[in-house]
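Me: I'd like to learn how to read this structure, one feature at a time. Could you walk me through it?

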Amino acid sequence: MIRQELRLTGSGGQGLILAGIILAEAALYDGMNVVQSQSYGPEARGGASKAEVIISKEKINYPKVNECDIMLTLTQVACDKYINSLKSGGILIVDKSIEKLPERDDIKIYRVPILETAIDKLGKPMVANIIALGSIYELTKIVSKDSLERAVLGRVPRGTEELNKKALEEGFNLIREHKEDCYGEVC
Amino acid sequence: MADKIIKLMQGNEACVEGAIAAGMRFYAGYPITPSTEIAELSAEKLPQVGGRFIQMEDEIAGISATIGAAIAGEKAMTATSGPGFSLKQEGLGYAVITETPCVIVNVQRGGPSTGLPTAPAQGEIMQARWGTHGDHSIIVLYPWSVKEIYNTTIRAFNLAEKYRTPVILLMDEVIAHMREKIELSNDNKVEIYNRKKPTCSPENYKPYEVKEGDLVPEMAGFGEGYRFHVTGLVHSESGFPSGNEKVAETLINRLIDKIEDNKDDIVEVNEYLTDDADIAIVAFGATSRSAKSAVDTLRESGIKAGLFRPITIWPLAEKELLELAKKVKRIVVVEMNMGQYFLEVDRIAGKFTKVEKYGRLNGELITPEEIISFVKEG
Amino acid sequence: MPSQLVNEYFRTENLPHIWCPGCGNGIVTRAIVKAIDNLGLDKDNVCVVSGIGCSSRASGYLDFNTIHTTHGRALAFATGIKLAKPELTVIVITGDGDCSAIGGNHLIHAARRNIDITTVVFNNNTYGMTGGQYSPTTPTGDKGTTAPYGNIDMNFDLCELAKAAGATYVSRGTIFTANMLIKQVEEGIKNKGFSFVEAITICPTYYGRKNKKGEAVDMMTYLKENAINIAAYDKLTEEQRLGKFVVGELYKNNRAEYTEEYQKIIESFQKER
């Protein structure tokens, strides 16, 4: 793994930029080189938002993500908008609320109930980003579990550590338990 | 590892951390994308170290209060972007003629006018050099990474103090907003330069008098017993206005000479694989990261490419560019504009080698692939 | 023979000043110096900040920490100085154009913050330095070189503006009643907050000549006859007030001062340690 590029997409306010920062920090703890960036529209809430993370053993020169290896998407709008930026052979994690799945047979698609788990199981919609990180980890092992947990705990508000640990665990479980919801060439 | 802190840091954050490490204790500004985090973090951090932050009513007030605080004796900074940099030009000239040390950060965005507020561009290369009215010289620094933003911000303060001049820190939106690894030393061992204070008695103090062999006058602060006068008018050594042509010529020449005659100290260039290069890419900031990627790929395909990266973009690295021009067969200037720095590189290097430009302006960073194909296909 | 006040507080080597014969700026400048003298302030701790215009040249003649800034921005520079060194007594010298046209935004925000700065506006109803163009305080109907057919703008009441924006000391005086002006500047400096003193002065060279107001003495007579002290002014009917203007201490209030509030934030961190 020389250079892995991730794109986390959804709508503004879903905490995806924080998720990108946490992931980058975890990779940093693993001793990797990282660049985290984001782009946003003029809206503070809503709209299409994306955070990007590059993780590399080597020094990162060009700091932008064009075509990514791994993509997470939490909304239909973001999915439609960014799907073509996922590399052939790449991994797509979509939230279960996304009904119109991309018509691509060159990628692996995992459809898991991230938002639903946050709301119904944990009662806190704002931890969806942490659940998503758990799922990304379980699927890709792109960072170590210890580093991820350390990064999460270092960035979430004081007093919410237990909740976020649980969210992370739920994220792992979603991938373990929802294999049947995978689409694409592999599943 | 106790002597090092490794952390993930945003470019704008590194600017504030560097500034505070350099001794910044005053910030006045007006929020504007993509520089806003510099104001926000200054507001948070300054009172913690006994410093002061103020959000002014507009961009002009931001630079004015910054200069005021610097004359009162503090190390002061303001930050802005695009439209705000245009508004700050008059104040910048005031800092030049009054020889007020201060740092002005411009995190560039797409222009002209409101342009592309959240997208990168390198459109103020010439504005940073010539934007304020009247002839003058200026120091402009241009970092390419989060770590270098930290170091360069410290250097900006040091040069400002040493040469009693405003120093412009040009940044790219790409680097300002991205986060990457930064290693900071834990022992606070940062080299700091402070303005020279007068040692003479107040009766003998002339605020713009220079000592034999020096070009930079000593600087007292307000309230330190020296009761001097500061004006944006042309002034004599006494600090008071003068319309005398000899006084005017002496002052303006000294303001220019104190920078141009000290280029060896001020100019900093980073060269990568230029020693045996046939083709040199000249680039700065985010663009130079793409260029470095391109150089590596070109080398792999057998093309001897190198990167010439000015960190001090003004004053111009003429000597270094001349050496480069005599060494390589071709120079390509890559910048996110339609050819601003190219004009200067061509002026210096054009007599000795072929100089070409590659520029694009659409809100996206130039990619390594584009540079490679331009180098290969022209 | 210069007076004791001139010897003590003026940079006599820079005199004579640039102001025209009959100009009222000298009287206002003296009022400021006299107020400082009356208060017994240490010259080393007084900072005089000015903008651009005839009146703003005063800073160069005064023996304090002085700064002649850019047009309209005196209050913004002064804000930086005061916040950086709250121990300084900061006085801003500005003109009607400098303060309320190009610098209008800074005036209202300095007042809003209630930062401890005393602003003395030399209001001569015109842009003198550039040759008599109309300013925001040129009365409607009066002429300027850029209002050759009469000014159609409504003129500002600067004191009302400063009061509405949040100044905690507001007064108006004229160069005819110099002692009142001295007292007003003194009170302004004593007020811990943003103080605004409007000094009505005269420009016989441009405003006076352009509007057929006569010589300097005639313009002084006009001030004498039409400036009405607030106590008396309050008793006048609307009809009686026509053509008159009010002088005196117009507004006073007490509220939190900006640099003191900021100091509390700094101290909250020092306590934590």
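Reply: Two strands pair if DSSP finds at least two bridges between them, and strands (E, at least two residues) and helices (H or I, at least four) are DSSP runs numbered from the N terminus. Here, strand 2 of chain A and strand 8 (residues 179-185) of chain B pair in the antiparallel sense over two bridges. In that pairing, V35(A) stands opposite E180(B) of strand 8 of chain B.

Me: Before we go on, what am I looking at, and how do the labels work?

Reply: This is a predicted model, where local features need pLDDT of at least 70 and side-chain atom pairs count only at pLDDT 80 or more, while totals for chains, interfaces and linings use all residues. Residues are numbered from 1 along each chain as its sequence is written, chains are lettered from A and ligands numbered from 1 in the order in which they are written, and side-chain values use heavy atoms, with hydrogens and water left out.

Me: Okay. How many residues of chain A are in contact with chain B?

Reply: Contact means heavy atoms within 4.5 Å. By that rule, 21 residues of chain A are in contact with 21 residues of chain B. Then there's buried area, the accessible area (1.4 Å probe) that two parts lose on being put together, summed over both. Between chain A and chain B that comes to about 1700 Å², and carbon and sulfur atoms give 56% of it.

Me: And how many salt bridges and polar contacts are there across the interface of chain A and chain B?

Reply: A salt bridge needs a side-chain nitrogen of Lys or Arg within 4 Å of a carboxyl oxygen of Asp or Glu. Across the interface of chain A and chain B, the rule finds zero. A polar contact is a pair of N or O atoms within 3.5 Å; within protein, one must be able to donate a hydrogen and the other to accept it, and residues adjacent in sequence count only if both atoms are side-chain atoms. Five residue pairs (both at pLDDT 80 or more) meet that rule between chain A and chain B. On the chain A side, helix 1 (16-29) and strand 2 (33-39) are the elements giving two or more residues. Strand 2 of chain A has the largest share, six residues.

Me: Which pair of chains has the most contacts?

Reply: Two pairs of chains touch, and the most contacts are between chains B and C. Chain A and chain C do not touch, with their nearest C-alpha atoms 19 Å apart. For chains B and C, 38 residues of chain B are in contact with 41 residues of chain C. Together they bury about 3300 Å², 57% of it on carbon and sulfur atoms.

Me: What about polar contacts and salt bridges between chain B and chain C?

Reply: You get four salt bridges and 20 residue pairs in polar contact (both at pLDDT 80 or more). On the chain B side, the elements giving two or more residues are strand 3 (52-55), helix 3 (59-72), helix 5 (89-98) and strand 9 (229-231). Helix 3 of chain B gives the largest share, nine residues. There's strand pairing here too: strand 9 of chain B and strand 2 (residues 65-68) of chain C run parallel over three bridges, with T231(B) partnered by H68(C).

Me: Can we zoom in on one salt bridge? Is R113(C) buried or exposed?

Reply: Buried means under 20% relative accessible area, exposed over 50%, and partly exposed in between (1.4 Å probe, protein chains only). R113(C) counts as buried because its relative accessibility is 8%. This residue lies in helix 6 (residues 104-113) of chain C. R113(C) forms a salt bridge with E57(B), and the closest N and O atoms are 2.6 Å apart. Leaving aside neighbours within four places in sequence, R113(C) has contacts that include I54(B), Q55(B), M56(B) and E57(B).

Me: And inside chain B, which residues of helix 14 are buried?

Reply: In helix 14 (residues 368-377) of chain B, the buried residues are P368(B), E370(B), I371(B), I372(B), F374(B) and V375(B). Their cover includes strand 11 (279-282), helix 11 (285-300), strand 14 (330-335) and strand 15 of chain B. Just after helix 14, G378(B) takes a positive phi of about 75°.
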